[in-house]
Amino acid sequence: MRHGILLYGPPAAGKDTVTEALTELDARYVPFTRLKIGNGKTKGYRMGTPEQLAHLEARGDVIYRNDRYGNIYVVDRPGLEQAMEGGRTPIVHLGQMVGMEQVTTLFPARWIRVLLWCSKETTALRSPQRGDTDTAARLSAWDATQADLAAHPRAQWELRVDTDMTAAREAAKKIDDIVRTTRL
């Protein structure tokens, strides 16, 4: 059975930091690089074109697409297949519950769902520290994430982590414990 990790949470909740801590724990953990069509930050993305997106959509290979910050972000079937090669466990970052539902429904694997949370004040502090030039948009996304969670009160999580209170390495260790338990 293939495994994957879904990290859900508002901007600056620690998805990148926890991912880095997981990759340090075990080389089987790999960040999933979403396809991005647009401009701005390129680190952590596979940059694509509108033509690539149209081709993926025509083949039914778009698992989840969201439009935010003037860009299009895609979780695609070929990208997930490649990320899972050789028994690797991809770590997918999502900020929308519909994305969580689509990935777990449309891509067969044992998905570990983790809610990473931080206060809005923490997002306001962390956002410029990590180089964001659009902190106001990140704070709006924080509000949208909170509303999204409230609209899905029955969402199931294998783990919830308050990153205001829990260090990234501690969170990574907890996630790793869950993955190891489910591999048995």
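**Side chains that meet**

Guide: Let's start with a charge and a ring: R138 has its charged end over the ring of Y69, at 4.0 Å from the ring centre. R68 also places its charged end over the ring of Y69, in this case 6.0 Å from the centre. Before we go on, keep in mind that this is a predicted model.

Now for rings that meet rings. A pair of aromatic rings can be described with the distance of the centres and the angle of the planes. How many aromatic pairs does the structure hold? There are four. Take Y8 and W157, one of these pairs: the ring centres are 5.4 Å apart and the planes meet at 40°. Why is this pair called tilted? Stacked would need planes under 30 degrees apart and edge-to-face would need over 60, so with its 40° the pair of Y8 and W157 counts as tilted. Now trace the chain from one ring to the other. Y8 belongs to strand β1, residues 3-8, while W157 is in the loop between α6 (135-150) and β9 (159-162). The two are 149 residues apart, which makes this a link between distant parts of the chain. Are these residues buried or exposed? Y8 has a relative accessible area of 0%, so it is buried. W157 comes out at 15%, and because buried means under 20%, W157 counts as buried too.

The next pair is W117 with W142. Here the centres are 5.2 Å apart and the planes are at 50°, so this pair is tilted as well. W117 sits in strand β8 (residues 110-117) and W142 in helix α6, so the pair ties together parts that lie 25 residues apart in sequence.

The structure has 18 salt bridges by the rule used here. One of them joins E81 to R2, with 2.8 Å from N to O.

Another salt bridge runs between D26 and R28, where the closest N and O atoms are 2.9 Å apart. D26 counts as buried, with a relative accessibility of 13%, whereas R28, at 32%, is partly exposed. Then look at R180 and D176: their closest N and O atoms are 2.8 Å apart, and they form a salt bridge too. These two are in helix α7 (residues 168-183), and because they are four residues apart there, about one helical turn separates them. R180 is partly exposed, with 35% relative accessible area, but D176 is buried, with 4%. Now put the four residues together: salt bridges with shared partners join D26, R28, D176 and R180 into one network.

G14 lies in the loop between β1 and α1 (15-25), and it is buried, with a relative accessible area of 14%. What does G14 touch, if you leave aside neighbours within four places in sequence? It is in contact with L116 and R126. G14 and L116 are 102 residues apart along the chain, and their C-alpha atoms are separated by 7.0 Å.

Finally, let's step back to the strands. Strands of a sheet pair through backbone hydrogen bonds, either parallel or antiparallel. This structure has an open sheet of four strands, ordered β4-β3-β6-β5, with mixed pairing. At the edges are β4 (45-47) and β5 (62-68), each of which pairs on one side only. From one strand to the next, the twist averages 30°. β3 (residues 34-37) and β4 run parallel, and three bridges join them. L35 has R46 in β4 as its bridge partner. Two helices lie across strands of this group. Helix α2 (residues 50-59) lies across β3, β4, β5 and β6 (71-76), at about 140° to β5. Helix α4 (residues 97-106) lies across β5 and β6, at about 165° to β5.

How values were computed: Residues numbered from 1 in each chain as written. Predicted model: local features only at pLDDT ≥ 70, side-chain atom pairs only at ≥ 80, totals over all residues. Heavy atoms only, no water. Phe/Tyr/Trp six-rings, centres within 6.5 Å; stacked < 30°, edge-to-face > 60°. Buried < 20%, exposed > 50% of the residue type's maximum accessible area, 1.4 Å probe, protein only. Lys NZ or Arg CZ within 6 Å of the ring centre and 35° of its normal. Salt bridge = Lys/Arg side-chain N within 4 Å of Asp/Glu carboxyl O. Contact = heavy atoms within 4.5 Å. Pairing = 2+ DSSP bridges. Axes fitted to C-alpha atoms, helices over the stretch in contact; angles between N-to-C directions.
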